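User: I would like to learn how to read aromatic ring pairs in a model. Please take me through a case.

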Amino acid sequence: MVIHKFEDNYRHKGLRRKLVEEIRSKGIRSEAVLKAMDEVPRHWFLDPAFLEFAYQDKPFPIGCDQTISQPYTVAFQTELLDVKPFHKVLEIGTGSGYQACILTKLGARVYSIERQKKLFDRTKEFLQKAGFRNIKVFYGDGYLGLPTYAPFDRIIITAAAPEIPMALAQQLKPGGKMVLPLGKPGLQYMTQITKDEEGHLHTEQHGSFVFVPMLPDKANGD
Ligand code: SAH
């Protein structure tokens, strides 16, 4: 991600408008989510050589064997997360930082954890340079969450979890929601978990997706 300038011209905005309409036609209803997607220049999150790919409804490699999710998937998961202004949101899997930026456009204060050091360093620098605020990034193992900042109104996991990470469920406020792709490698169900006022978890599943795996422990420099 070698970004020298943060240009967002009429051509970019036009391509983005078309992408947002495509996502709407695929069933996303939340105007707040669609507006957030219209506001974040997705091409900033990819290498400038790949501009034409930034506004296709497809995932794209971002290095370290990771991908920026397909825009429709980001919209679907964000809609289920039901973010309100001033919510404290924990994200697992910072990746390119795109999902985190969408959350801040909805008024969230985002805490995001990435286990790949190289990706973490690059994205941290990028978010500062691009001037995205209200995102704190952490290098660490997302399975552990951030106990010192808990509890969270919302938790979003952007990698495939084989089971519900219980440390994260504990860091959710009563009345809070967590959305994660849950399942084996190759196929997951988008799962919305609601914690009731007594602390019980209620689970709903919404459609199948394929994410890169949520891996244990931090990865080192590679
Ligand atoms: N939200 C990202 C998508 C990233 S892909 C975006 O908008 O670009 C999933 C990311 O989860 C990868 O960067 C991967 O390194 C990270 N990841 C996987 N397991 C993790 C864990 N246990 N803790 C933190 N990050 C993890």
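User: How many aromatic pairs does a search of the whole structure find?

Analyst: The search finds 17 aromatic pairs. Keep in mind that this is a predicted model.

User: What describes a pair of aromatic rings?

Analyst: The distance of the centres and the angle of the planes describe such a pair. Take tyrosine 72 and phenylalanine 76: the ring centres are 5.9 Å apart and the planes are at 45 degrees, so this pair is tilted. Planes under 30 degrees apart would count as stacked, and over 60 as edge-to-face.

User: Where do tyrosine 72 and phenylalanine 76 lie?

Analyst: Both are in helix α4, which covers residues 71-81. They are four residues apart, about one turn of the helix.

User: Which ring does phenylalanine 209 pair with?

Analyst: Phenylalanine 209 forms a tilted pair with phenylalanine 76, at 5.0 Å centre to centre and 50 degrees between the planes. Phenylalanine 209 belongs to strand β9 (residues 201-209) and phenylalanine 76 to helix α4, so the pair ties together parts 133 residues apart in sequence.

User: Is phenylalanine 209 buried or exposed?

Analyst: Buried, because its relative accessibility is 11% and the cut-off for buried is under 20%. Phenylalanine 76 is also buried, at 17%, and tyrosine 72 is buried.

User: Which residues do ring pairs link into a cluster?

Analyst: The cluster consists of Phe6, Trp44, Phe45, Tyr98, Phe126 and Phe132.

User: What sits over the ring of tyrosine 98?

Analyst: The charged end of arginine 42, 5.7 Å from the ring centre. Elsewhere, lysine 88 lies over the face of phenylalanine 152, 5.5 Å from the ring centre.

Notes: Residues are numbered from 1 along each chain as its sequence is written. This is a predicted model: local features need pLDDT of at least 70, side-chain atom pairs count only at pLDDT 80 or more; totals for chains, interfaces and linings use all residues. Side-chain values use heavy atoms; hydrogens and water are left out. Rings of Phe, Tyr and Trp (its six-membered ring) pair if their centres lie within 6.5 Å; planes under 30 degrees apart count as stacked, over 60 as edge-to-face and the rest as tilted. Helices (H or I, at least four residues) and strands (E, at least two) are DSSP runs, numbered from the N terminus. Buried means under 20% relative accessible area, exposed over 50%, partly exposed in between (1.4 Å probe, protein chains only). A charge sits over a ring if NZ of Lys or CZ of Arg is within 6 Å of the ring centre and within 35 degrees of the ring normal.
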